[in-house]
Amino acid sequence: MEKQVYKKTLGVLPNTVSGFCPGCMHSTVHKLIGEVAEDLGYLDKLVRVEGVGCCGLGQLYVSHDSTIAAHGRGCAVATGIKRCTPESLVYTYQGDGDLASIGMAETILAANRGENFTVIFVNNCIYGMTGGQMAPTTLIGMKSTTTPKGRNPEEHGYPIHMCEVLNQLTAPYYLERVSCDTPQHVIATRKAIKKAFQYQLEGKGFSMVEIVTSCPTNWGLTPIAALDFLRDKMFAEFPLGVIRDKGAVK
Amino acid sequence: MERNLMIAGFGGQGVMTMGKLLAEATSESTDLQVSFFPSYGAAMRGGTANCYVVISDDEIGAPVSNNLDDLVVMNGPSLRKFLPNLKPGGNLFINSTIVDRAEVKRDDIRVIEAPVTQMALDIKNERALNVLMLGVYVAVTDAVPEDVIIKGIEHKFEAKPHLIAPNVDAFKMGIEVGLKEKAK
Amino acid sequence: MSERVFMKGCEAIAEAATRAGCRFFAGYPITPQNEIPEYFARRMPEVGGVFVQGESEVASVNMLYGAASTGTRAMSSSSSCGISLYSEGVSYMNAARIPAVYVNVQRGGPGIGAIQPAQQDYLQATKASGNGGFRMLVLAPATVQECVDMTYRAFDLAAKYQNPVLVLTDGVMGTMMEPVELPPMKSDEELAELKAAYHYRAVVGHPLGEAVFCRPGGIGGGWEEINKETVKMYETWDSEVEYEEFMMDDAEIVLAAYGISARISRYVVKALRKEGIKAGMIRPIKVSPFPYEAFDKLDFDRVKGILNVEMSIPAQMKWDIEYAVHGRCPIAESLRSGGELLTNDQVLAAARALAKEVL
C-alpha cells in the first residue's frame, strides 16, 4: 500500500518557483502558513495583509486573498478587515523595518487593543528589498548600507525586541519567537503559527509569531555562513521561545 | 427679515444653552430658518464662551455676524470685546448684576438691563440666569412667540420633567422684566 | 414627509452616513470634527457597526482601507492638518480602487493653523490628495442639510466608481446647527445586497482559484495599464460635474464660491439685487471635477467681473476660475483665513466695490 506522507500545500499557488534569494526563509514560512490554514480547513477564509519589500513578494505565491498595506500599516489594515469580517482568518506578514520602525505605533496599539488577528513577524535584522539598510533590530556592530562602519549604539541605539516590547502590554494573548534554520525549528514554527491561528479562531485576540531568519544577500554571507551567524549572533540577541502564552495549560 | 443675535459670557453661565434653546425651539415650532453657531475658546473651563443665533424668513447666509441686531452680554469682558459689533439701533442686553451700565459708552443703541445673576440667586436657581435672560430677550424683541420657547423648554427637559416648571417660571419672570424694559 | 430635526453639521454627517449603511468608522481626535467620531462611538453599537479610535490619522485611514476592502460601507473623518496624514491611505485606496468615504472638516492653516474654521485645503482636496496624480469626486456642502444629503450620496458614488470620495466641508458647517430632514435608513437586507455585490473583490477569503488580490500597486507590474484604465473612468466624470447657477440669467457681477462661502454669497446676491445690482452666483456643488463649463460659457459682454469668495488666503479656487475664464473678465477676491470667518457684510462690501469698478 502506498501512503502519501507529504504533499505541497494548496495555500501556495501550484507550479510556482520561489524567487526568493538562496538561503532566505520567506518561502518556508509561506509554505507553513498555507499548510496550517489547510489543516484548519480555513484556506477559503484566509486573508493576508502583507507589508512591502520582500514580504510583498509573497503575493506572487499565495493562493488566498491578500492585500498590500502601506509600509508599517499592516496592523491598521488588518484591524479594519478583521473588525468587518470576524469570520475570516486574518494575518499580517511583516518584516522588521515595517513592523518595528515605521509601523511601531500601529503594531503596539493593535496589540494593546487585543485585535483578534495574527502577526507573522519575519525578523532578519535588515531592510531587504531596499538594499540592506539598518533596521531597528540590526545587531550592534552589524554593517548595513546606512551603518557602513557597523551599528554603533551611541549613535543608532540598540536592537528592539518586539516580543518583549509587546509583552509589556496586558492584552496580547500569545507571543513566541521561533526560527526556520533546522527541521526541528521549522516544525516549531509550524506549531507556533497553528497555535496563533487557533487562538484567533477561538477569539482570544492578538498573537504574534516572530520568526528570526537570515538574509544572506544583504548580510553579505553565503547561505551556510548566514545560518552560522543566525545561530551565533541572532539567537543570542533574540532568544527563541515562548514569551507569553495565556492559553498554556498550567 | 433676518435677525442676528450674539450671546457672550463666561463658560458656565449657560450661554451656549441659551442660544441652543432659542434656536432649537424656533426650529421645532416655527417655519422660520434658524442657525446656531457656537464659538469656544481653547480652554475647556473658565474661558469666554459665545454663540450666534440667526433667525430668518429666508435662507441664512453667514451664521456669524459683526453687524449684530442683538447682543447679550453676561459679563464685563464680553461687553468690552463685542460691543463694537452691535449695529447702530441694535439691542444690547446686559446682565446688570455684574456688568456696569456706565461702561456702555454708546448712545446709538438701546440698552436693556436685566440683573439675571441676582434674580437667579433670589429664586434659588443659580443656573437659571440664561433662561431668565432668554425671557427678557424674547419679550423685548418678539424674535419668536413666548410659546415657542415654553415648548422648547418642555422638550429639552423631557427626560427630567421636574426641571420643566422651574425653568418655565424663570423664563416667564424674564418676560416680566423684559416687558417693563420695553415699556421704558 | 420626514421629520425636521435640529442638528449640528458633524452629527448630521455621522447620522447620514449611518443611514447610508456605514458600518465602520475609524478616526483620531482633532478639532473641529470631534463630534463625528463621538457620534459614531455612540451610534455604531446600536446598528451592529464598528467604531475604532485609531492611534493616529495614519492608522485611521489605513483601517478605513482595510474595512472598505471587505465591502463594508466605511468612513473616516479628520480636519486639515490631520487630513494631510491621510494622503498615504487615500492614494492607496485610489490605487487599489477601494470605495471609501472620508470627510475633511477644514480648519485654519497651514501647519497646525487654527482650530477655527477655514477653507484652506481646496487645492489639496481637488488636485493632489496624495501621491500619484489620482482624482476623486469631492462634494462641497453649503448647508447642514447638504452635509446630510451629500454624505448619504457619497457612499453610492464611492461604490459606483470604486474610488474614495471626499466630503469637503469646514468648521462652520461642522459645528453650526440647522434644521435638517434625514434620509431613510438603509435596511439590513439592502446592506447585505450591497456587500454581496462587492464580494467578488472583497478581501474576506475566497475558495481556491477565486482568490482576491487587492493591490495598491507594488510588484507584479502592469500599473501603467491600470493607470490608463483609471483615466478612462475620469473621462466619464463629465457627467459628475455639478454646480448651481443662482440668479445668473442677467447677471453682470458673478460671485464664485463653494461651501460656507457659497451660502454667504447667495445672501449677498439677494442683497445686491435689492440695491439694483445685477448679481449672480456660480457654486460648484462638487469641487472635483470642477465645473469649468459654468465659467467658460459666460457671456462676457454682459458679465463684467467675478468675485471669488473663499475662506482662504491666498485664494485657491481662483486657480480653477482663472483657468476657465482665461482673462476674459477681472476676478476680484473676498477672502479670510487662519480661522477668521467671512461675514455677509465683508462679502457685500467687496461685491459693491467690484460693481462700482466694472459696471
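A salt bridge is counted here when a side-chain nitrogen of Lys or Arg lies within 4 Å of a carboxyl oxygen of Asp or Glu, and Lys127(C) and Asp320(C) form one with their closest N and O atoms 2.7 Å apart. This is a predicted model, in which local features need pLDDT of at least 70 and side-chain atom pairs count only at pLDDT 80 or more, while totals for chains, interfaces and linings use all residues. Residues are numbered from 1 along each chain as its sequence is written, chains are lettered from A and ligands numbered from 1 in the order in which they are written, and side-chain values use heavy atoms, with hydrogens and water left out.

**Which chains touch**

- Of the two pairs of chains that touch, chains A and C have the most contacts, a contact being heavy atoms within 4.5 Å.
- Chain A and chain B are joined by no contact, and their closest C-alpha atoms lie 28 Å apart.

**Chain C against chain A**

- The contact draws 36 residues from chain C and 35 residues from chain A.
- About 2700 Å² is buried between chain C and chain A, with carbon and sulfur atoms giving 62% of that area; buried area is the accessible area (1.4 Å probe) that two parts lose on being put together, summed over both.
- On the chain C side, Glu55(C), Leu208(C) and Ile219(C) lose the most area to chain A, together 23% of what that side buries.
- Two salt bridges are found across the interface of chain C and chain A, and the side chains of Arg73(A) and Glu88(C) meet in a salt bridge at 2.8 Å, N to O.
- Between chain C and chain A there are 15 residue pairs in polar contact, both at pLDDT 80 or more; a polar contact is a pair of N or O atoms within 3.5 Å, where within protein one must be able to donate a hydrogen and the other to accept it, and residues adjacent in sequence count only if both atoms are side-chain atoms.
- Strand E3 (50–53), H3, helix H5 (87–95) and strand E10 (213–214) of chain C each supply at least two residues of the side that touches chain A, and H3(C) gives the most, with seven residues; helices (H or I, at least four residues) and strands (E, at least two) are DSSP runs, numbered from the N terminus.
- By class, the side of chain C that touches chain A has 21 nonpolar, 10 polar and five charged residues, where Ala, Val, Leu, Ile, Met, Phe, Trp, Tyr, Cys and Pro count as nonpolar, Asp, Glu, Lys and Arg as charged, and the others, Gly among them, as polar.

**Chain C against chain B**

- The contact takes in 23 residues of chain C and 25 residues of chain B, and the area buried between the two chains is about 1900 Å², of which carbon and sulfur atoms give 53%.
- Arg4(C), Phe6(C) and Met177(C) supply 30% of the area that chain C buries against chain B, more than any other three residues.
- Chain C and chain B share two salt bridges, and the side chains of Lys270(C) and Asp58(B) meet in a salt bridge at 2.9 Å, N to O.
- The two chains have 10 residue pairs in polar contact, both at pLDDT 80 or more.
- Among the elements of chain C that each supply at least two residues of the side touching chain B are strand E1 (4–8) and helix H11 (260–274), and H11(C) gives the most to that side, with six residues.
- That side of chain C has 11 nonpolar, five polar and seven charged residues.

**The two domains of chain C**

- The domain assignment, which is automatic or from a database, gives domain 1 (4–238) and domain 2 (242–358) of chain C, whose C-alpha centres lie 29 Å apart.
- In chain C, 33 residues of domain 1 are in contact with 29 residues of domain 2, and about 2300 Å² is buried between these domains, carbon and sulfur atoms giving 53%.
- Gln119(C), Gln120(C) and Tyr122(C) supply 31% of the area that domain 1 of chain C buries against domain 2 of chain C, more than any other three residues.
- Four salt bridges cross the interface of domain 1 and domain 2 of chain C, and 17 residue pairs are in polar contact there, both at pLDDT 80 or more.
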